[in-house]
Amino acid sequence: MTELAAVKAALKTQAVETPSWAYGNSGTRFKVFAQAGVPRTPWEKVDDAAQVHAVTGVAPAVALHIPWDRVDDYAALARNAEDRGLTLGAINSNTFQDDDYRLGSICHPDAAVRRKAVDHLLECVDIMDATGSSDLKLWFADGTNYPGQDDVRERQDRLAQGLAEVYERLGEGQRMLLEYKLFEPAFYSTDVPDWGTAYAHCLRLGPKARVVVDTGHHAPGTNIEFIVATLLREERLGGFDFNSRFYADDDLMAGAADPFQLFRIMYEVVRGGGFTSEVAFMLDQCHNIEAKIPAIIRSVMNVQEATAKALLVDRSALSAAQGSGDVLEANTVLMDAYNTDVRPLLREVREEMGLDPEPLAAYRRSGWAEKIVADRVGGRQAGWGA
């Protein structure tokens, strides 16, 4: 197999999981903006996710968020997804939208609130059993706003205890993916603020516990690719939540703010073997002012482009330059790959997969946007808290 053929083959195996919540209404802290045609039910979210996969060929799974995607029959929802060429991906818990969680959830000082939070996480594992999902994705809004508000060390003990109970509930082939976030909504201390804290808890829990890297959850200037390389080396990288940020956790389209950073991250993934391992590539975005489905398609394409460039890095030439201490040549090799226009290559890949070479144009021609505006009239649109 030629080098180019190997790159194409790798790109055809790529899978980017889309988030159910990105198809619903979202907005700022001040206003949620409604759009015509937005899904009203998890079933309609699956329908929209199927449209993304139909035109990209690399978005075969859709993540669920509980309770936003709660249904009476999860097995039926899974069958519905399968009928549309999809699987149900990670089950995302929600321990941040209940009045009881004002002072935290799994780290709350009140044992009754902690019990409620852990019971919700256990419910999510039950849903994994019903849907065939393999990943439980955990993000906690827990933290404090003021010095002295709570005992920081005790909060870590509570966190460890709750995680351990949920970990023991995991079945064969199921994983716990622990996410971290520098700040927000807590401002003084966050209970899982960085990859080191998440990694420490995962190490204690066992091999089924892995770290999730959300590309919007770091301080400005953080070398995210270093984190990725380290977690891959330690075999503890569980997955990504891809999005872009300018200032904080902006949840913009992947690759929109800093496509070079996305390329650097994907190079470390390729370099560390993560592209062919069990690393889950997920989007975690909010499309507040742009059309939902086209924005998700654009994000998938951005991830594809960054991956293609990463696969095109001349690893032999780069290794030789690094080994000889040729700083400029090493940088040149990397930049040559990044500056390659991979769009023609990806068009070829899509044609070989039997797809339209231009996913966004294919979606626009499908008539789906007009169909959902006409059909989805009445009812309550899905969105934050719905």
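1. Let us begin with a sorting rule: Ala, Val, Leu, Ile, Met, Phe, Trp, Tyr, Cys and Pro count as nonpolar, Asp, Glu, Lys and Arg as charged, and the others, Gly among them, as polar. Under that rule, the lining of the second largest pocket divides into 12 nonpolar, nine polar and three charged residues.

2. Some ground rules before going on. The model above is predicted, with pLDDT of at least 70 needed for local features and 80 or more for side-chain atom pairs, while totals for chains, interfaces and linings use all residues. Residues are numbered from 1 along each chain as its sequence is written, and side-chain values use heavy atoms, with hydrogens and water left out.

3. What is a pocket here? On a 1 Å grid over the protein atoms alone, a cavity is a set of points where a 1.4 Å probe fits but cannot get out, whereas a pocket is an open set with protein on both sides within 12 Å along at least five of seven lines; lining residues have an atom within 4 Å of a point. Grid points are joined across faces, edges and corners, and a volume is the space filled by probe spheres set on the points.

4. Now look at the largest pocket, which holds about 1100 Å³ of space. It has 30 lining residues, and the closest to its centre are Trp-139, Lys-181, Glu-184, Asp-249 and Asp-251. By class, the lining of the largest pocket has 12 nonpolar, eight polar and 10 charged residues.

5. The second largest pocket contains about 420 Å³ of space. Its lining has 24 residues, with Glu-17, Ala-61, Thr-87, Gly-89 and Ser-134 nearest its centre. Strand S5 (87–92) and strand S12 (280–283) each give at least two lining residues, and the largest share, four residues, comes from S5. For these labels, helices (H or I, at least four residues) and strands (E, at least two) are DSSP runs, numbered from the N terminus.

6. A cis peptide bond joins Glu-184 to Pro-185, with omega about 10°. Glu-184 sits in the loop between S8 and S9, and Pro-185 is also placed between strand S8 (175–179) and strand S9 (189–190). As background, most residues other than glycine have a negative phi, and most peptide bonds are trans.

7. Where else can you find a cis peptide bond? Ile-66 and Pro-67 are joined by one, with omega about 20°. Pro-67 lies in the loop between strand S4 (61–65) and helix H3 (74–83).

8. Next, the helix pairs. Axes are lines fitted to C-alpha atoms, for helices over the stretch in contact, and angles run from 0 to 180 degrees between N-to-C directions. Helix H9 (residues 292–311) and helix H13 (residues 359–366) have axes that come within 10 Å and cross at roughly 160°. H9 is therefore roughly antiparallel to H13; angles under 35 degrees count as roughly parallel, over 145 as roughly antiparallel, 65 to 115 as roughly perpendicular and the rest as oblique. In contact (heavy atoms within 4.5 Å), Ile-293, Pro-294, Ile-297, Arg-298 and Met-301 of H9 meet Pro-359, Leu-360 and Tyr-363 of H13. That contact has seven nonpolar, no polar and one charged residues.

9. H13 also meets helix H2 (residues 42–56): their axes come within 9 Å and cross at roughly 130°, so H2 and H13 are oblique to each other. Gln-51, Val-55 and Thr-56 of H2 make the contact with Pro-359, Ala-362 and Tyr-363 of H13. The residues there divide into four nonpolar, two polar and no charged.

10. Finally, helix H8 (residues 259–271) and H9 have axes that come within 8 Å and cross at roughly 55°, which makes H8 oblique to H9. From H8, Leu-262, Phe-263, Met-266, Tyr-267 and Val-270 meet residues of H9 including Asn-302, Val-303 and Ala-306. By class, this contact has nine nonpolar, two polar and one charged residues.
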